[in-house]
Each structure stands twice: as C-alpha cells, then as structure tokens.
2 protein chains.
Amino acid sequence: MVAETLPGYRGKLRELLTHAKVGVGDVVSVNKGSDTYEGTLLPRVENSDEWHLIIKQKTGYNIGIAYSDDLRVEKIGEAVKPEFHPPPLPPVKEGLPKVSIISTGGTIASRVDYVTGGVYAAMSSRDLLSIVPELADIAQIEADILYSVFSENINSEHWEGMAKRVAEKIKQGADGIVITHGTDTMGYSTAALSLAIQNLPIPVIFVGSQRSSDRPSSDSATNLVAVVNAAAHAPFAEVVLGMHEGTGDDSIIFHPGAKVRKCHSSARYAFQTVNASPIARYKDGRTEMIAEHYRPRQDSEPMIRNRFEKKVALLKFHPNFDPLIVDTLVNAGFKGIVFEGTGLGHVSESCYDAISHADKAGVLMGMTSQCIWGRVNMNVYSMGRELTRRGVEPLEDMLPETAYVKMMWSLGNSETPEEARRLLKENVAGEYNPRTPYTRRKP
Amino acid sequence: MVAETLPGYRGKLRELLTHAKVGVGDVVSVNKGSDTYEGTLLPRVENSDEWHLIIKQKTGYNIGIAYSDDLRVEKIGEAVKPEFHPPPLPPVKEGLPKVSIISTGGTIASRVDYVTGGVYAAMSSRDLLSIVPELADIAQIEADILYSVFSENINSEHWEGMAKRVAEKIKQGADGIVITHGTDTMGYSTAALSLAIQNLPIPVIFVGSQRSSDRPSSDSATNLVAVVNAAAHAPFAEVVLGMHEGTGDDSIIFHPGAKVRKCHSSARYAFQTVNASPIARYKDGRTEMIAEHYRPRQDSEPMIRNRFEKKVALLKFHPNFDPLIVDTLVNAGFKGIVFEGTGLGHVSESCYDAISHADKAGVLMGMTSQCIWGRVNMNVYSMGRELTRRGVEPLEDMLPETAYVKMMWSLGNSETPEEARRLLKENVAGEYNPRTPYTRRKP
C-alpha cells in the first residue's frame with residue numbers, strides 16, 4: 001500500500017520516490033547537483049511541507065534535501081524495520097504532585113519514530129511518557145503543545161503566549177511547570193518569562209536538549225527527569241533553566257532565568273550562570289539549593305506583565321562600527337537600543353552624534369559589555385561619561401541578551417518614557433546582581 | 001608663578017581655577033549642576049583639550065569634569081606634594097636582545113605623575129624605564145609612541161599603521177616587538193595583526209593593563225616585565241596577547257592572536273583563549289611553551305598584507321531581529337556582513353529574504369555563533385542549509401570578533417569576490433581550529 005510506504009510525502013516528491021520504488025526505511029542514495037547523500041529515508045510528519053525528503057545519515061544526523069528537477073533517488077539497501085509495540089502508558093499515581101509540561105519546540109520536544117529511528121518535532125503527554133516512563137513515578141504529568149517552533153524563530157509574541165499559558169496552568173492547580181524549548185534562544189525566553197510573570201507561587205523550569213533523543217549521547221531523558229522532579233518538589237518559586245552541569249549525566253544545574261546564557265554551541269553543559277550563582281542542583285534523585293536567597297514556594301497570585309515592545313534592537317559595537325545603523329533605527333521609529341559596548345561600556349567617539357540624535361528623538365538607550373562577564377562602569381573614563389550625558393543608561397552587570405529583553409519589557413509595560421527608564425533600571429527579577437561575584441573562569 | 005600652579009590648563013577653565021585660587025595638587029570640591037565631586041586637582045598633559053579639569057578621587061579613579069558656565073570650584077585642602085627626583089635612567093646593556101615597544105594608547109601606556117599621582121596618556125622610553133627599571137636588565141629597550149588612542153577609538157587604519165610599524169622595526173633589527181594597547185579592543189587588533197603581517201621572524205606581543213599604574217593592584221609592571229622577557233627570549237614567532245593568567249601576579253599567559261577575547265570587563269585575567277589553547281606561559285622569570293605546534297623564530301622576510309575593507313559589519317542576531325538592518329547595509333554599499341547567529345549558526349526565517357537580497361547584491365556573508373565557545377554547524381538543521389544556500393559561509397569555530405576582522409581583511413586583500421570568499425575560508429593565521437577542543441568551562 002503506497003500510503004504506508006511513503007507516509008507524509010506528497011506532490012512531486014512523492015511521485016519521484018514512488019517512481020524510484022523506494023519507501024520509508026529504505027537505505028537510499030540521493031543525488032542533487034554535485035552532491036550525493038546516503039541514509040535511511042524517514043517519514044514526514046503531518047502538515048510538513050511537500051518539498052523536502054528527509055534521510056537519517058550514518059552520522060546519526062537527519063538531513064532534509066529540497067526537491068529539484070535534477071534530484072535523483074536510488075535504493076541501495078533495506079533498513080531493518082523493528083516491530084513497533086507502543087509501550088503501555090504507566091498508570092497515573094494519584095497522590096503525586098501535578099507537573100504541567102508546556103512544549104514550545106526544539107530538540108527536546110521530539111520523539112523517536114520506532115519504525116525508522118527518525119525524530120519528530122512535537123511531543124504529546126503520551127509521547128513523553130513513552131520515552132521517559134519513569135516520569136510517572138515522580139509526578140502526575142500533563143503535557144501539551146503550545147508551539148512547535150525552532151528556537152531561532154521564537155519571538156516576543158511567543159513569550160507573551162508562554163506567560164499566559166503559565167498563568168493558566170497555575171490557576172488549574174499545577175505544583176510546578178516545565179517549559180520545553182529549543183536551546184538557541186532559551187536564555188532570552190527565560191529572561192522574558194522572569195519579567196513577564198512575577199509573584200510566582202511555584203517553580204517554572206525551562207529545559208532543552210543539546211542532542212536529540214535518537215542519539216546515544218542524548219540529554220533529553222536525564223534533563224526531563226531532573227526538571228520534572230524539581231518542578232514537583234524543589235522549594236523555589238522562580239523562573240529557572242535546568243540543563244546538564246557538566247559532561248556527565250550525574251547532575252543537572254538550575255540557572256536563574258535572568259542571568260543565564262548559552263555559552264557553547266554543542267556541549268551538553270552549554271548554559272552558564274553569568275555574574276551570579278546557580279540556584280540549585282539536581283543530583284541523586286533530589287534537588288539541593290545552592291542560592292542562599294531565593295523566592296520560596298508560597299500561596300501567591302501570579303502577576304502577568306507580558307507586553308514586549310518590538311521596536312527595540314541589540315547592537316554590538318566593534319571597531320569601524322557605522323553609526324548609520326543607529327540613525328536607521330531612529331528613523332524607523334525604534335523606541336529602544338541596547339548597546340553591547342567594549343570593556344566597561346564604551347563605543348567610539350564616531351558614534352556620539354548618532355547617540356545624541358537618538359536621545360533627542362526619545363529613544364531609550366542602555367549600555368552592556370560585550371565582555372559578558374563583569375559589569376559596566378561608565379564613570380572611570382571620560383568617554384563613559386560622554387555617553388551617560390547623552391542619555392545612555394549603564395546597565396551594570398546585566399547580560400546583553402537579558403538587557404535587550406528587559407528594554408522591550410520596560411517599554412512594553414510603561415505609559416511614559418520616564419516610567420520605562422525607571423523600570424529598566426529597577427531590579428525586577430534578579431537581572432541585576434548588586435555585587436558581581438569575582439568568579440574565576442578557567443578554560 | 002601661575003604657569004607652574006596650573007600646568008596644562010588654558011582658556012576659560014584656567015580663568016576659573018585662577019579665580020578660585022586653586023592649583024594642581026590642591027584638594028578641591030567641584031560643583032556642577034546637582035553633582036559635587038571631591039579630589040586632588042591634576043595637571044593636564046600638553047595638547048589636551050581646554051574644556052576639562054581632572055581630579056583624582058579618593059577611590060583612586062581620575063575623573064574629568066567638563067567646563068560649563070555653572071561650574072564652581074573650591075579649595076578644601078592641600079595635597080601633600082612629594083618632591084620629584086626623576087630616577088636616573090638605567091644604563092643600556094649592550095649584549096642584550098633588542099626589544100621594540102610600540103605604544104598605541106590605553107591604560108598601560110600611562111605613567112604616574114610624581115607631583116600629583118595623576119596618570120598621563122602616553123609613554124616614552126624614558127617614562128617606561130623610570131616606571132619599570134628592571135626592563136633594562138632584560139633587553140635593550142627602544143620605545144616609541146605610534147598612537148595615543150583609547151582602544152574603543154582604534155579602527156582599521158590603526159591596524160594598518162601598526163602592521164607597517166612592526167615591519168619597520170623588524171627591518172631595523174628588533175629581536176622582539178611589544179605593542180601596548182588599550183584592552184577594550186585589543187583582541188580585535190591582535191586578530192588584525194595576525195592577518196596583516198605574516199611570515200614573522202620574531203614574536204609580536206600585545207599587552208595591556210586592566211588597572212592603571214597609580215593603583216596598588218596595577219598589572220602594568222608585571223605584564224610589561226613578562227612580555228618584554230618573552231619578546232626578547234621566547235622561541236615563538238607569532239602575534240600573541242600577553243596578560244595575567246589569574247588573580248595572582250605569578251603567571252602571565254600568552255594567547256594566540258586570532259583566538260583571544262576579552263571576557264571580563266575588569267578582572268586582571270580578562271582575556272581568554274577561546275576554542276584553542278594558550279601558546280605559552282611566563283612564570284618565574286622565563287617563558288615556557290604550552291602549544292605543541294607553533295611558528296618558531298626564524299630568518300624570514302615578513303609579508304605585509306594590511307588592507308582592511310571598511311564597509312563590513314558584525315551583526316548579532318536576537319529574537320525579533322529586524323532585517324531592516326541588513327537591507328540598510330546592502331543599500332549603503334556594504335561589502336561584507338558577519339552574523340553572530342544562535343547556537344550552531346542560525347537566524348530566524350524572517351531574515352531569509354534580506355539575506356537572499358544581500359547575496360544577490362554581492363555582499364559576502366559569514367556565520368559565527370553568539371555562544372562564543374564551540375563551532376557552527378549549518379548541516380544539522382534544515383535552517384542552517386537554508387542559510388548556506390543563500391550564500392552565508394559557515395565560519396566554523398572562529399570568534400565573531402575575529403571573523404569580522406577576517407572579513408574586512410579578506411575583502412581588502414583580494415581582487416575579486418571569489419578570491420575574498422576563498423581567503424575568508426582559508427586558515428591564514430590559526431583563526432580556525434581544525435578541531436575545537438572540548439573544553440570544560442566552569443565559573
């Protein structure tokens with residue numbers, strides 16, 4: 001039956017594959033222009049586009065190849081197709097805490113297809129429990145899909161939606177919330193939620209995965225077990241990000257939402273707390289607090305302030321930086337600009353005029369450091385004071401990425417420019433550390 | 001004599017100070033608008049502007065206060081004025097290696113004024129040896145001032161000038177070269193020089209200082225002794241950056257010029273080698289190699305390729321990034337754009353059209369990761385391939401800052417777009433690491 005041989009394939013691509021007598025699970029050689037790819041043909045998910053075929057390469061990576069008129073596909077082998085028996089769902093254990101898992105996309109929100117070993121992009125409660133059945137022993141899990149978005153496409157509208165959904169789940173009685181998210185922009189989203197939902201009664205824990213669950217080195221399951229455990233039992237009521245602490249599977253570290261950054265493109269311990277300390281660590285089946293001061297679980301009504309101004313930019317300064325970019329943003333009606341300056345918070349003198357112009361046009365400006373670690377200090381050198389005099393707010397030890405989100409939030413949740421400036425400088429969610437710890441960082 | 005009471009002060013400011021009967025060395029209270037500053041009045045250097053008075057505050061920091069009509073100055077005390085006896089210059093020891101020190105500005109290129117404790121912005125051989133007389137036991141020092149620029153104002157013209165000066169000094173028989181530089185953009189300059197001067201016979205060592213030499217915690221002297229020693233004796237012939245390895249004064253670490261980044265705004269160990277290993281370490285009076293492979297000192301003719309295209313930008317992607325910025329650069333005739341994408345090298349789909357447009361307009365584009373550590377891999381996800389198809393070159397594990405400099409250099413030193421693209425991808429000065437070490441980074 002054709003319908004079963006090529007699930008998800010449609011249109012011209014389906015014609016081509018049918019003509020080549022290949023089906024999902026076959027090992028194929030795909031030729032396009034001067035490139036040749038080999039691997040196992042994977043099925044497409046429902047509603048996927050009809051212009052890409054997906055193969056799983058020997059490396060374990062999946063690759064999509066776009067249809068073109070010169071595309072050639074040849075069957076070069078047959079994959080072993082294991083029989084699929086969906087595992088029985090573990091019974092819900094009534095007395096356990098209720099944890100709500102909100103899926104937004106990314107590598108962790110994926111499940112292995114048992115026919116082909118391929119990876120799908122969205123994850124239901126059933127999928128989740130079938131991958132990590134031990135979750136049912138930790139909490140009563142309720143999982144639903146809010147978005148299915150690769151994290152580079154996450155924007156402030158998604159942040160608004162996440163905050164809204166979190167509030168709903170709290171209202172419905174969740175004892176803890178887990179948000180699965182692609183890792184690329186997860187740090188921006190944790191900063192956004194830290195600001196957008198305040199006065200939390202329970203933990204809100206973001207989690208991602210650096211390796212998809214079909215790879216032996218996947219961190220999906222260990223990360224999920226840890227964050228669900230913390231969501232169910234940990235004593236804090238803050239927005240945090242839980243991921244591998246190191247190369248081993250033995251500990252998951254919880255970073256404060258407004259002080260965390262992705263600092264490695266591929267390692268499982270990609271995230272780091274910057275200019276602060278992690279909040280807690282999951283190890284040997286339990287979560288231990290690291291932070292001395294944190295917001296404990298409590299009976300409180302969450303407050304939603306989830307508007308984000310979109311006309312804001314984050315500009316990284318560099319030698320020969322062209323102030324034309326600042327002028328362009330001002331002329332396009334931008335309301336805020338965060339600079340990633342050098343060192344203690346500098347940009348070149350050649351930017352001063354454009355900055356004065358932006359200030360006069362009412363653009364709110366803030367300064368962070370591209371050093372990432374440490375804080376800006378715009379009083380040490382006269383050039384720093386030249387900038388503050390032109391309206392640029394020193395944003396202390398705030399991460400550039402958090403400062404950008406904070407600027408959007410400050411402008412989105414205020415009535416006047418003065419109020420926005422005041423909000424920007426206020427320490428709302430631990431985005432400022434009163435005293436940046438003098439941490440030693442060694443490679 | 002007025003000339004001695006207010007050295008360097010001119011115009012209205014001089015009138016004001018004369019009228020207030022204060023002189024250099026006096027403790028003054030300065031009132032401007034709602035702000036009041038207290039400190040010791042410092043002299044101005046020759047050729048400085050006439051609109052700022054400088055005081056040394058109790059914190060040890062100097063601060064410049066701009067003249068305005070409402071400026072009020074009052075003498076509140078008298079500073080102890082130590083007598084100044086310029087130390088005798090140590091004799092030049094003939095048999096020692098010749099080290100040329102090229103000063104470009106920054107905190108290290110400053111000397112303490114013995115009358116006031118103030119800090120001056122440029123440093124001659126005599127100044128240098130009077131601060132750190134032990135240098136005369138290490139090498140025959142010849143120091144001269146190329147620029148006196150705060151490092152946020154350094155641009156590609158300065159890089160061109162530095163490369164030219166280095167070549168001259170090599171021709172004149174230097175056994176090693178030290179370039180003093182402000183730390184803010186020193187990493188950009190070391191990348192630039194690594195590319196602009198190849199085939200080196202001797203070491204070229206950049207050095208800076210995170211604390212000025214009038215502060216007890218200054219790293220000026222220890223850094224200078226170490227880099228002059230390495231310039232005189234170390235076996236490598238590469239462009240490197242030498243700064244404190246840790247919080248202590250006991251070791252100075254040499255980072256490869258194209259793989260180093262300022263990662264802390266104020267710590268003395270601000271610089272880190274990223275995605276590679278340091279080259280050498282100075283400890284207990286000698287330099288030991290760390291790198292297994294390096295270019296040794298040799299009898300070679302340096303090759304200068306010091307043209308940098310100015311119409312290049314480094315753009316950091318973030319959620320809600322507005323592709324208008326890309327369009328603006330294309331329309332302004334920019335020749336190259338380096339993106340700091342997320343994770344393995346992504347930007348949002350909303351940028352695809354602008355990127356296609358830039359590609360069609362002949363703009364050379366490259367992708368780096370804002371994670372900083374790790375490398376981009378644009379083959380894992382389909383979105384990466386969407387970008388490479390639009391002409392964006394994956395720049396592997398190159399630092400975003402280095403990639404920006406490399407793009408300027410590639411465009412500046414090629415005749416055709418194809419040649420520029422080829423140069424961009426070629427590993428010219430160790431800017432690519434064939435295998436990024438899987439380094440564990442702990443706070």
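Residues are numbered from 1 along each chain as its sequence is written, while chains are lettered from A and ligands numbered from 1 in the order in which they are written. Because the model is predicted, local features need pLDDT of at least 70 and side-chain atom pairs count only at pLDDT 80 or more, whereas totals for chains, interfaces and linings use all residues.

**The helix pair**

Begin by selecting residues 186–196 of chain B, which form helix α6, and residues 400–412 of chain B, which form helix α11; helices are DSSP runs of H or I with at least four residues, and strands are runs of E with at least two, numbered from the N terminus. The two axes come within 9 Å and cross at roughly 40 degrees, where an axis is a line fitted to C-alpha atoms, for helices over the stretch in contact, and angles run from 0 to 180 degrees between N-to-C directions. The helices α6(B) and α11(B) are therefore oblique to each other, a word kept for angles that are not under 35 degrees (roughly parallel), over 145 (roughly antiparallel) or 65 to 115 (roughly perpendicular).

Next, show the side chains where they meet: α6(B) contributes G187(B), Y188(B), A191(B), A192(B), L195(B) and A196(B), and α11(B) contributes E401(B), T402(B), V405(B), K406(B) and W409(B). Residues are in contact if their C-beta atoms, placed from the backbone, lie within 7 Å.

**The sheet**

Now select the strands of chain B that form an open sheet of eight, in the order β9-β6-β10-β12-β13-β14-β17-β18, with mixed pairing; two strands pair if DSSP finds at least two bridges between them. The edge strands, each pairing on one side only, are β9 (140–145) and β18 (286–289) of chain B. Within the sheet, look at β13 (residues 239–244) and β14 (residues 251–256) of chain B, which run antiparallel and are joined by five bridges. In β14(B), I253(B) is the bridge partner of M243(B).

Finally, display both chains: the contact takes 64 residues from chain B and 65 residues from chain A. The elements that give two or more residues to the side of chain B that touches chain A include β4 (62–66), α8 (324–331) and α11 of chain B.

Notes
Two residues are in contact if their C-beta atoms, placed from the backbone, lie within 7 Å.
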